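Please keep the sequence and the 3D view open beside you as you read.

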Amino acid sequence: MRGLFRHFLTTVLLALSIAVQAHGQAQPDAPLATPPPAVLVADSIEVTRERRLIARGNVEAFQGNTRLSAQAIEYNPDTGALTITGPIVIDDGGGVVILANQAELSEDLQNGLLTGARLVLNDQLQLASVQLNRVGGRYTQLYKTAVTSCRICEEDTGPPLWQIRAKRVVHDREARQLYFDGAQLRVRNVPILYLPRLRLPDPTLDRATGFLIPEIRSNSRLGTGLRVPYFIKIGDQRDLTLTPYLTGDTRTLEFRYRQAFKRGRIILQGAYSDDDLQPDDTRGYLFGAGEFALRRGFVLEFDFESVSDDAYLNDYGFFGKDRLDSTLQVTRTRRDEFIRLSYVNFKSLRDDEDDDLLPSDVADALYERRFHPAGIGGEIRLSAEAHAHERPSDVDIDADGDGFIDGRDVLRFNVDAEWLRTVQFGGLQMQSTLGIAGDVIRVSDDSTFDDGDSGTAPKVGVVLRYPLMRRGKNGVRQFIEPIAQVSWVGGDGLHVPNDESTRVEFDEGNLLSLSRFPAPDRRERGWAVAYGGTWARLDPDGWSASLTVAQILREEAQPDFNDNSGLSGSSSDFLLAGQLEFDGGLAMSGRTLFDEDFDISRAEVRGDWSNDRLDLGGSYIWIDEDPAIEQPAPIGEVTFDGAYKIDRFWTATGNVRYDLDEGRAATAGAGIAYTNECVRVGVSINRSFADSTTLEPSTSLGLTVSLRGFSVNTGERVETRSCGKQAR
């Protein structure tokens with residue numbers, strides 16, 4: 001140990017003295033910048049009569065951020081050159097590593113010639129060359145080069161899956177770009193593409209101007225064509241992506257623009273199409289979104305959505321939306337305060353909806369505040385809300401017989417004050433609520449109602465809970481919590497139309513609410529009792545489950561609850577909800593509403609199973625018919641999605657959505673992908689069975705090929721082909 005330390009100390013002192021002497025011979029007008037001192041470690045050190053330093057055996061040299069490993073290094077102080085015997089490893093930091101057999105380098109390791117060299121970038125891309133030149137620490141020139149990200153093993157006798165052969169490759173470390181001269185793309189050593197000049201980003205670069213992964217797409221209505229995205233880096237805060245898509249039936253240009261600001265960001269995306277589906281029309285869409293932090297904690301958010309015709313998004317498979325919404329919103333959220341101002345414009349793409357008869361323009365203002373008074377304890381909550389929605393039509397009739405006046409507009413104001421307090425009596429917990437609400441609603445373009453109505457609603461509620469817990473073996477815990485609520489809401493119901501609370505659903509979230517309508521244009525009135533209980537089992541090493549059962553009883557029925565909400569009548573349907581999880585990756589959850597005769601009004605189930613090779617998910621939903629909300633027939637749907645890892649490299653996927661009412665699939669898709677350390681190839685097929693006056697069934701095929709190693713590492717786990725021997 002003492003001899004090793006002496007060698008190390010001697011090496012450091014000699015390296016420092018030689019570096020000082022070498023730089024001391026500079027001209028008087030030389031730059032004053034001094035490189036960092038060099039450090040050399042080796043098994044043996046020798047200084048010859050010519051003052052040459054020779055290090056042998058497990059040599060390690062450090063210069064700034066550069067680290068060099070070799071078998072032997074000889075330093076000539078007269079020329080400042082290092083003669084290095086390999087195998088050589090030079091680590092420049094930042095994911096840049098050079099391997100070589102022999103080298104002649106400058107004393108700062110930034111200039112020189114290496115033979116039998118290979119450049120490895122970000123542990124992904126390797127560039128093997130006959131000769132490598134280092135120039136100024138920024139540029140690395142490689143001659144007669146083969147470039148690939150495929151792992152090459154000693155036992156391999158054939159070429160890699162793909163490679164780029166080039167006469168010369170220049171790596172610009174500062175710009176993080178690769179420049180190819182005479183580039184030839186080969187697959188299994190078969191030339192398939194020649195480019196006299198080629199520029200590609202190295203894998204350490206996040207963003208760079210250039211082509212992205214192309215895709216061959218075939219559509220039964222649009223034909224077969226190639227999508228080639230081109231990414232343009234406008235600056236560190238802005239970029240633009242242009243994607244032409246050309247087939248025999250369409251000429252389309254897609255675009256996406258993004259920009260980041262000091263206090264926010266925006267994104268714009270859209271497309272312009274000239275196709276044979278509607279040859280006389282210019283088709284396209286434009287979506288945008290943004291978010292900005294304003295002063296005093298306010299946040300501005302906006303998005304807008306516009307499309308040329310109702311079928312465009314479905315024809316090109318851009319989005320699955322059938323209603324568009326454009327929003328402008330300002331919010332502020334603090335610990336005890338919330339403010340929101342918002343405006344939303346809706347546009348329907350459905351055949352059976354007329355925008356003139358829908359509340360297309362909606363404006364809201366909401367203020368909420370809470371206090372914690374020390375004198376009376378508990379919490380005081382205050383809120384004030386203003387809401388308005390308007391239909392473009394001003395027709396004062398029900399032309400389509402749906403129960404809604406075609407031009408009805410509504411303006412309402414609501415205020416609410418509540419005092420909440422929780423008291424513990426041993427194991428019994430009591431939560432009390434006392435409050436009052438005031439409502440003012442004005443109606444226009446509807447002669448079936450007066451101009452509006454107003455009123456107050458005093459309210460009180462008491463919730464009792466008695467949670468019980470039992471600990472079992474191996475960390476298993478079980479919980480049982482019976483719960484009961486008694487509530488009363490006074491005042492008379494307002495004589496105004498039900499425009500916002502037409503669709504109500506009974507679930508665990510509103511079980512203990514004093515009003516279960518989604519908007520305050522309606523309130524539950526009178527006495528009500530809610531009762532139920534929850535059981536749960538938690539096992540950190542086994543199966544866990546939970547189950548909730550509840551029902552609501554009222555003094556009198558609430559007329560504005562629709563039949564399939566589960567809340568109509570003086571007694572609600574029974575709510576049954578549960579979850580089940582197994583240690584092997586299987587999880588299920590479900591919820592249903594049923595009455596005393598076990599007639600089900602709603603049911604939904606979701607299941608997922610995940611392990612090392614399989615990911616499966618499925619859901620089932622069923623809602624009973626309810627003509628009162630324009631639902632003349634039951635709604636039933638089954639969905640399935642899954643992925644199966646065939647082996648380390650192959651993965652198959654599939655999905656289907658089946659409409660039980662129509663007795664046919666709505667959408668279906670399947671795909672298969674091959675992924676390893678150097679390539680990803682994916683094939684997909686998707687079918688849409690939509691059929692209406694504006695939508696037609698269509699089938700789309702897609703093929704993508706991605707050569708890995710020329711993009712940033714996303715953190716995705718990629719299987720690498722293993723070698724029987726050490727990879728070379």
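Glu74 is partly exposed, because its relative accessibility is 26% (buried means under 20% relative accessible area, exposed over 50%, and partly exposed in between, with a 1.4 Å probe and protein chains only). Glu74 forms a salt bridge with Arg52, and the closest N and O atoms are 3.0 Å apart; the term stands for a side-chain nitrogen of Lys or Arg within 4 Å of a carboxyl oxygen of Asp or Glu. This pair links distant parts of the chain, 22 residues apart: Glu74 belongs to strand S4 (residues 66–76), while Arg52 sits in the loop between strand S2 (44–47) and strand S3 (53–63). Arg52 is partly exposed too, at 32% relative accessible area. Strands here are DSSP runs of E with at least two residues, numbered from the N terminus.

A word on the model: it is predicted, so local features need pLDDT of at least 70 and side-chain atom pairs count only at pLDDT 80 or more, whereas totals for chains, interfaces and linings use all residues. Residues are numbered from 1 along each chain as its sequence is written, and side-chain values use heavy atoms, leaving out hydrogens and water.

Staying in strand S4, you will find Ser69 there. Is Ser69 buried or exposed? Ser69 is buried, with a relative accessible area of 18%. Its side chain makes a polar contact of 3.0 Å with that of Glu60 (a pair of N or O atoms within 3.5 Å; within protein, one must be able to donate a hydrogen and the other to accept it, and residues adjacent in sequence count only if both atoms are side-chain atoms). Setting aside neighbours within four places in sequence, Ser69 is in contact (heavy atoms within 4.5 Å) with Val59, Glu60, Pro87, Ile88 and Val89.

Arg168 and Asp181 form one, their closest N and O atoms being 3.1 Å apart. Arg168 is in strand S10 (residues 162–172) and Asp181 in strand S11 (residues 177–187), so this pair ties together parts 13 residues apart in sequence. Glu604 and Arg591 also meet in a salt bridge, at 2.7 Å from N to O. Here Glu604 lies in strand S35 (residues 600–610) and Arg591 in strand S34 (residues 586–594), 13 residues apart.

| Residue | Relative accessibility | Class |
|---|---|---|
| Arg168 | 30% | Arg168: partly exposed |
| Asp181 | 18% | Asp181: buried |
| Glu604 | 31% | Glu604: partly exposed |
| Arg591 | 16% | Arg591: buried |

Elsewhere, salt bridges with shared partners join Arg221, Asp275, Arg283, Asp309, Asp315 and Glu696 into one network. How many salt bridges does a search of the whole structure find? The search finds 54.

Terms used. Helices (H or I, at least four residues) and strands (E, at least two) are DSSP runs, numbered from the N terminus.
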